[in-house]
Amino acid sequence: MKFKLGDFVRFVEEKREGFITRIIDEQTIGVTGDDDFEIPVLASKVTSVHGREAAVAAKTQEAIAEIPPQEFVAKGIYLAAVPEKQVTSVVQFHLINNTSYQLLASFSTEKNTEYKGEFAGIVAPKTSVKVYSAALPDISIWPKFIFQILYHSTQKAGFLDPLVYSERFKAKDFAGSKIPVHVLNQLGWQFQLDAAEVKVDAQKLKESFFKSPEEKKVVEKPAKEMDLHIEKLREDYQFLSSSDIIKTQLERFQKTLDAAIVHQLPSVVFIHGVGNGILRHEIHKVVSKHPQVKTFMDARKEKFGYGATEVFLK
């Protein structure tokens with residue numbers, strides 16, 4: 001397969017072009033155009049459009065100025081996942097060298113005990129290189145990532161053992177908000193490959209189990225309106241199954257209801273939307289039997305329609 005995710009291609013037999021958003025098999029790819037529809041097509045029926053690829057910032061063999069010892073940086077190797085600008089469901093992985101070392105890097109993937117080399121090369125200090133592309137919706141079938149890195153410097157610097165980093169990413173790894181990525185000046189998710197290992201003091205951990213709590217857990221006062229739409233509760237909602245979504249929404253509903261009772265609020269509004277009615281039904285089922293609930297009804301139809309329920313407490 002000569003194509004990869006994120007490549008911009010043009011159809012050979014029809015007037016259409018777009019970005020590759022899925023590798024279906026060795027002969028077939030999925031191409032998404034301006035209409036946001038993905039079309040499966042044989043790889044032999046498209047051709048690359050050159051000049052649309054992102055420029056690679058890595059400098060491999062350029063002369064590197066000597067760095068004063070006090071400014072020499074030994075830590076700072078990252079793997080960054082940056083959404084493709086044109087197709088945000090595709091992320092481009094960049095190996096970032098924010099250290100003062102030159103790095104000799106090898107990147108491989110492993111799937112079903114089969115290994116494939118994806119990248120090998122030199123990454124100069126304070127530069128990055130794109131090493132892989134993947135579709136976020138397919139994260140459950142991503143391969144395992146394996147990096148092997150050697151450090152090199154022509155000036156006097158501390159000796160570092162080769163770095164070996166392996167990771168099988170999960171949806172929760174991308175649950176946080178995107179942050180500015182080193183070197184690239186773009187927003188994305190960033191993972192440090194050379195972070196110091198967290199050492200656990202077994203004795204202190206054991207002692208912590210026998211310590212009495214210094215203060216009681218404080219229950220925060222909830223807002224008068226709680227929006228239960230999943231995109232308001234979880235940033236990684238696109239990775240959740242239908243059952244996980246309803247579970248997350250009901251957990252937040254129960255937590256908010258309990259907090260409202262603790263703070264003796266007269267009422268609280270739960271915005272559940274209309275949808276298929278499952279969340280609304282589950283909420284009504286709980287509050288109809290709750291001993292601390294006086295009554296409940298549709299909340300201000302002129303504002304919420306039938307998409308919210310106001311619960312009045314005793």
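Predicted model: local features only at pLDDT ≥ 70, side-chain atom pairs only at ≥ 80, totals over all residues.
## Model confidence

The score is pLDDT, the predictor's confidence in each residue, from 0 to 100. Helices (H or I, at least four residues) and strands (E, at least two) are DSSP runs, numbered from the N terminus.

The protein averages a pLDDT of 84, and 88% of the residues score at least 70. Over residues 53-63, pLDDT stays under 50. The model has twelve contacts (heavy atoms within 4.5 Å) for this segment beyond four places in sequence.

## Salt bridges

The whole structure holds eight salt bridges. Each is a side-chain nitrogen of Lys or Arg within 4 Å of a carboxyl oxygen of Asp or Glu.

R168 pairs with E110, with the closest N and O atoms 3.1 Å apart. R168 sits in the loop between β12 (163-167) and β13 (179-180) and E110 in strand β8 (residues 102-111), so the bridge ties together parts 58 residues apart in sequence. E110 is buried, at 10% relative accessible area. R168 is partly exposed, at 39%. Buried means under 20%, exposed over 50%, partly exposed in between (1.4 Å probe, protein chains only).

## Two further pairs

R234 bridges to D236 at 2.8 Å between the closest N and O atoms. D236 is buried, at 4%; R234 is partly exposed, at 29%.

K285 and E282 share helix α4 (residues 278-287), three residues apart, about one turn. Their closest N and O atoms are 3.4 Å apart. K285 is partly exposed at 39%, and E282 is partly exposed at 23%.

## Basis

Residues are numbered from 1 along each chain as its sequence is written, and side-chain values use heavy atoms, leaving out hydrogens and water. Local features need pLDDT of at least 70 and side-chain atom pairs count only at pLDDT 80 or more, while totals for chains, interfaces and linings use all residues.
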